[in-house]
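Subject: Structure for you to look at

Hi there,

Here is the structure I promised to pass on. Please open it alongside this email, and then read on for what turned up.

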Amino acid sequence: LFQVVFRNSRCVDCGVEGDSRLLPLVCHALKEQVHPVPAEPFHPLAPVFRHTVAEPKLVHVGTVDSTEHKEGEKGSDVLKDVATGSLIGIAMGSFIPVLGAALPSLFGGNSVTIRVVSKWSCCDKSVDSEGCQSQFPCCAQPAASLGCQEVYQCCSSLSAGNPGCARRFPCCSCEEGTAGCREQCSYCKVAWGQVNQGCIGRQHNHVISL
């Protein structure tokens with residue numbers, strides 16, 4: 001009696017299994033590596049906050065407060081006369097502005113000097129003094145602030161206006177130019193190692209015993 005012994009094997013290329021002598025004459029043609037999804041833009045480095053101006057400047061953050069200092073023995077009476085005379089002058093069309101000191105010859109009394117003193121409310125310094133706080137002119141934030149704009153480190157572009165300065169594949173997170181993450185038949189596009197009876201290959205080149 002004769003006994004037929006089958007030796008189970010599998011083709012690594014197309015995945016078909018059976019006796020190597022009886023495998024169907026269908027296999028994949030040529031292997032290729034591809035990415036199954038298109039590449040998408042991305043930024044290789046994370047965004048950071050920066051200021052559009054490199055260095056902060058000293059500025060005043062308050063308002064200018066002005067006070068009047070009156071000097072003279074009959075200050076209140078003289079000022080009253082000045083105000084009255086000004087109104088009369090306006091009505092008669094002969095107004096003459098009074099600046100600085102009120103002359104005794106006009107009022108028959110002692111002169112009164114009005115001295116206006118202006119200071120910054122934030123630091124009580126004169127209006128022509130250097131600023132009292134350091135801040136960035138671009139955003140009026142203090143010098144210790146991180147920044148007023150979010151910028152990507154890789155390309156220095158604003159995070160809101162640029163989707164990416166490079167491209168990568170979502171399927172494997174590899175950048176453009178790298179080998180594909182999927183191995184498939186260049187003809188039928190079925191994954192390498194999976195059976196497809198409609199492919200055009202005829203010879204099984206990589207058969208292993210099971």
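A residue is called buried under 20% relative accessible area, exposed over 50%, and partly exposed in between (1.4 Å probe, protein chains only). This is a predicted model, in which local features need pLDDT of at least 70 and side-chain atom pairs count only at pLDDT 80 or more, while totals for chains, interfaces and linings use all residues. Residues are numbered from 1 along each chain as its sequence is written, and side-chain values use heavy atoms, with hydrogens and water left out.

Let's begin with Glu130. With a relative accessible area of 59%, Glu130 is exposed. You will find Glu130 in the loop between strand E9 (112–120) and strand E10 (133–135); strands here are DSSP runs of at least two residues, numbered from the N terminus. Although 71 residues separate Glu130 and Val59 in sequence, their C-alpha atoms are 7.2 Å apart in space. Beyond its neighbours within four places in sequence, Glu130 is in contact (heavy atoms within 4.5 Å) with Leu58 and His60.

That brings us to His60, in the loop between strand E6 (57–59) and strand E7 (64–71). His60 is buried, because its relative accessible area is 17%. Its side chain makes a polar contact with the side chain of Trp120 at 3.4 Å. By polar contact I mean a pair of N or O atoms within 3.5 Å; within protein, one must be able to donate a hydrogen and the other to accept it, and residues adjacent in sequence count only if both atoms are side-chain atoms. A polar atom of the His60 side chain also lies 3.1 Å from the backbone oxygen of Ser129. Leaving aside neighbours within four places in sequence, the contacts of His60 include Cys122, Cys123 and Cys132.

Another histidine to look at is His35, in the loop between strand E3 (31–34) and strand E4 (40–42). His35 is buried, with a relative accessible area of 16%. The His35 side chain reaches the backbone oxygen of Thr178 at 3.5 Å. Outside four places in sequence, the residues in contact with His35 include Cys171, Cys172 and Cys181.

Finally, there is an open sheet of 3 strands, in the order E2-E1-E14, with antiparallel pairing. Strand E2 (17–19) and strand E14 (207–209) each have a single partner strand, so one side of each is left without a neighbour in the sheet. Strand E1 (residues 8–11) pairs with E2 over 3 bridges; two strands pair if DSSP finds at least two bridges between them. Ser9 has Gly18 in E2 as its bridge partner.

Best wishes

Notes. Helix = DSSP H or I, 4+ residues; strand = E, 2+ residues; numbered from the N terminus.
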